[in-house]
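Colleague: Could we go through this structure together? I would like to begin with a single residue and then widen the view.

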Amino acid sequence: MVSHSGLITVMQKAARKAAPRLRRDFNEVEQLQVSRKGPADFVSMADRQAEKTIVEELRHARPDWRLTLEEGGSIDGDPDKPRWIVDPLDGTTNFLHGIPHFSISIAVEDPRGPQGRPEITQALVYQPLTDESFWAEKGRGTWLNERRLRVSARRNLDEALIATGVPFLGHGHMDRFERILGAVAPEVAGIRRFGSAALDLAWVAAGRYDGFWEEDLNVWDVAAGILLVREAGGFVTDFRGGDAGLAKGEIVAASGELHSKLHRLVAKALRG
């Protein structure tokens, strides 16, 4: 059995405790009570219940830690201690349309990182329908359940399958997306948009995708995924090649050589 810290155990326990309710509600999606949270942005009772369950488990394990939640906002704690970053249901639109592609994302951010900057130290992306647990710890690699993961070894764009997110009503910049798509699409083997950024990044870490780009993202969408990719040997930056800080909202992720090529295409499209 692969050894990991107690924090990973806590995160997996929280995700797996929330998962049965999500699976049940997914199978009865027509019965869900759904409220409108914003333009084309829906939140279900399943989403709220999953977050409640996860928060209860995390607070029980670390009662003085802060939390940043997609649905519940921020919960105060000791500012000198780490914080949990939680998305209880990444891929809500998929969930509500009966599409079996969504995930739970949990990350730990330590405020005392290098140069005094916060850094993600533990990460989990869990797919309730497949029981796939993608997890990582800083300096200890990325894993899928008990199997060590590495990013894709492909070096050429014409062999690469790239994932992205497409702007939609009230979210994103269609003109910018079209410019980037116009630059990337002719150079790669394929582009996919599956609807869960957390899983997209986990799949880059697993080598299922060769790369990923998207903007207009939130901290809970990407906090765990960034560490998964980096600990699997990949690179994650913003569109201009800088460090993908959690406030940037834009990401290019891939293995080393592919990352350079994908990033150049994205940056050139935006300059043009």
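Colleague: Is D25 buried or exposed?

Modeller: D25 is buried, with a relative accessible area of 7%; buried means under 20% relative accessible area, exposed over 50% and partly exposed in between, with a 1.4 Å probe and protein chains only. Please note that this is a predicted model, in which local features need pLDDT of at least 70 and side-chain atom pairs count only at pLDDT 80 or more, while totals for chains, interfaces and linings use all residues. Residues are numbered from 1 along each chain as its sequence is written, and side-chain values use heavy atoms, with hydrogens and water left out.

Colleague: Where does D25 lie, and which residues is D25 in contact with, leaving aside its neighbours within four places in sequence?

Modeller: D25 lies in helix 1, residues 6-27. Helices (H or I, at least four residues) and strands (E, at least two) are DSSP runs, numbered from the N terminus. With neighbours within four places in sequence set aside, D25 is in contact with L32, A46 and F95, where contact means heavy atoms within 4.5 Å.

Colleague: How do helix 1 and helix 2 cross?

Modeller: Their axes come within 9 Å and cross at roughly 160°, helix 2 being residues 45-61. Axes are lines fitted to C-alpha atoms, for helices over the stretch in contact, and angles run from 0 to 180 degrees between N-to-C directions. Helix 1 is therefore roughly antiparallel to helix 2; angles under 35 degrees count as roughly parallel, over 145 as roughly antiparallel, 65 to 115 as roughly perpendicular and the rest as oblique.

Colleague: Which residues make that contact?

Modeller: Helix 1 contributes V10, K13, A14, K17, A18, R21, L22 and D25, and helix 2 contributes A46, Q49, A50, T53, I54, E57, L58 and A61. An α-helix has 3.6 residues a turn, so residues three or four places apart point the same way.

Colleague: What about helix 4 and helix 7?

Modeller: Helix 4 (residues 174-184) packs against helix 7 (residues 256-271) at an angle of about 130°, with the axes 8 Å apart. The two are therefore oblique to each other. Among the residues in contact are R176 and I180 of helix 4 and L262 and V266 of helix 7.

Colleague: Turning to the core, which residues of the largest nonpolar core touch the most other members?

Modeller: They are V125, F134, F212, L228 and I251, out of 36 residues in that core. A nonpolar core is a set of buried Ala, Val, Leu, Ile, Met, Phe, Trp, Tyr and Cys residues joined through side-chain atoms within 4.5 Å. The largest share, nine residues, comes from helix 6. A second, separate core of 34 residues includes A46, A50, I54 and V108.

Colleague: How many residues of helix 6 are buried?

Modeller: Twelve of its 13 residues are buried, and helix 6 is thus mostly covered. Among the buried ones are W220, A224 and L228. Just after helix 6, G233 takes a positive phi of about 95°.

Colleague: Which residues other than glycine have a positive phi?

Modeller: D131 is one of them, with phi of about 60°, and N145 is another, with phi near 55°. D131 lies in the loop between strand 7 and strand 8, and N145 in the loop between strand 9 (141-144) and strand 10 (147-149).

Colleague: How accessible is each, D131 and N145?

Modeller: D131 is partly exposed, with a relative accessible area of 35%. N145 also counts as partly exposed, at 28% relative accessibility.
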